[in-house]
Amino acid sequence: MAIYLDNAATSYPKPEEVYRGIEAFVRASGANPGRGGHRRAVEAEAMINDTRRLLARLFHAPRPERIVFGHNATDGLNMAIKGVLRPGDHAITSVLEHNSVSRPLNQLEKEGVITLDRLPATAEHLIDPDQVARAFRPNTRLVALTHASNVTGTIQPIGAIGRIARGRGVLFLVDAAQSAGVVPIDIENDCIDLLAFTGHKALLGPTGTGGLVVGERAEVRPWREGGTGGDSTRPVQPEEFPHRLEGGTPNIFGIAGLREGVRLLLERGVESVLEHERALIKTFVTALARRDRLQWYGADTVIAESQGVGRVGLVGVNVPGFAPSEVGAILDEQFDIAVRPGLHCAPYAHEHLGTFPQGTVRLSVGILTTADEMRRAAAAIDEIAAE
Ligand SMILES: Cc1ncc(COP(=O)(O)O)c(C=O)c1O
């Protein structure tokens, strides 16, 4: 039976509730949402707003209407980065970022719009809050950091960094692509001004969902302007949320699925999902007979000895003598196990690890992954390492 260990790319399979939620909505009321429209349009709008309320509970966001839907985390990150940075600004980011953070920032730097500092990570693959504090300049407007690295799995001290940024009057953008749905997030407590999330990973929704939570302090210029399903008289994008940043017909089928994913997470509790995922990684690491023959990227002892505290459910390994792409292909073709080899869209993180340009083999678990699957994955990797 196939084993899917690529949940950091997208969660699969989705829980039954998600499939059923999409189908029920598509069949019953799949209309284009719009205030003051016909009954089905109003129902669609109510479904989207209900999803906003559930996400607001999950993230402790005080104002659901400031949760803006887009296509994915990339969309939310672009919305934030291009919406708040202005000519002459300085931004701070890190080597652990996904290209969805690095590329828009690099492009703005290349065009001479902003200056940029990319902070290194510690040997434990963390961003040091003191280093962030030292990087501020008088013109710093934005600190943009990932909550959990999609390469090392390390959870960053975002609360400490958020409080420092708030104290300096600088906006804090958090990329929650790998953490939303699996690590507790408290927007108010962690002083987060902008939270980019994706719907199709640990939030358990379908692809094409995600967005941005916009705090009160952040002024975000719309980067996509258009129809908002309501007052059409204004010549430019309305000021009020969420319409300000939601031009165009939303992905209502996707959001209907996302609603069920978030509902399920609220019922189960994010902490319990994280515990489940950490236990699976521990099962994998301890089941490996040839653990010492593998190259690890800071994960093995930490996970085995401290129950994976400080990490989400992914590990990166390499098998000496094999390119990561070869290991990925063998696992896929001979063992029917799906993993993700390569750079994981985070080249600076691999430079930090010393694994650029080949990368690592990433195994990432999800809410439906089982301990038996992890033991079978460990046996397969043992077999490859024995060759
Ligand atoms: C840390 C991180 N940021 C951003 C993204 C981009 O997410 P999406 O594909 O939903 O735009 C990913 C996806 O792999 C990620 O892992």
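1. Starting with a loop: Pro357 sits between α11 and β13 (360–364), where helices (H or I, at least four residues) and strands (E, at least two) are DSSP runs numbered from the N terminus. The peptide bond between Phe356 and Pro357 is cis, with omega about 5°. A cis bond also joins Tyr12 and Pro13, at an omega of about -10°; Pro13 lies in the loop between β1 (3–4) and α1 (16–29).

2. Before going on, a word on provenance. This is a predicted model, in which local features need pLDDT of at least 70 and side-chain atom pairs count only at pLDDT 80 or more, while totals for chains, interfaces and linings use all residues. Residues are numbered from 1 along each chain as its sequence is written.

3. Two cysteines have backbone angles to check. Most residues other than glycine have a negative phi, and most peptide bonds are trans. Cys191 has a positive phi of about 55° and lies in the loop between β6 (171–175) and β7 (194–198). Cys191 is buried, with 21 other C-beta atoms within 10 Å (buried means 20 or more such atoms within 10 Å, exposed 12 or fewer, partly exposed in between, with C-beta atoms placed from the backbone). Cys345 has a positive phi of about 60°, in the loop between β12 (340–342) and α11, and counts as partly exposed with 16 C-beta neighbours inside 10 Å.

4. On the overall fold, the protein chain has 12 helices and 13 strands. Its C-alpha trace spans about 70 × 55 × 35 Å along the principal axes, and 51% of the 387 residues are buried.

5. The chain is divided into domain 1 (3–13 + 269–386) and domain 2 (16–267), with bounds from an automatic or database domain assignment. The contact between them takes 27 residues from domain 1 and 31 residues from domain 2, contact meaning C-beta atoms, placed from the backbone, within 7 Å. On the domain 1 side, α8 (270–287), β10 (314–318) and α11 (347–353) each give two or more residues.

6. The largest nonpolar core has 112 residues, and Ala196 is among those with the most contacts inside it. Such a core is a set of buried Ala, Val, Leu, Ile, Met, Phe, Trp, Tyr and Cys residues joined through C-beta atoms within 7 Å. Beyond four places in sequence, the contacts of Ala196 include Ala80, Leu173 and Leu212.

7. Last, the ligand: of the 13 residues around it, Asn72, Thr74, His98, Asn150 and Thr198 come nearest, a residue being near if its C-beta atom, placed from the backbone, lies within 6 Å.

Notes: Contact = placed C-beta atoms within 7 Å.
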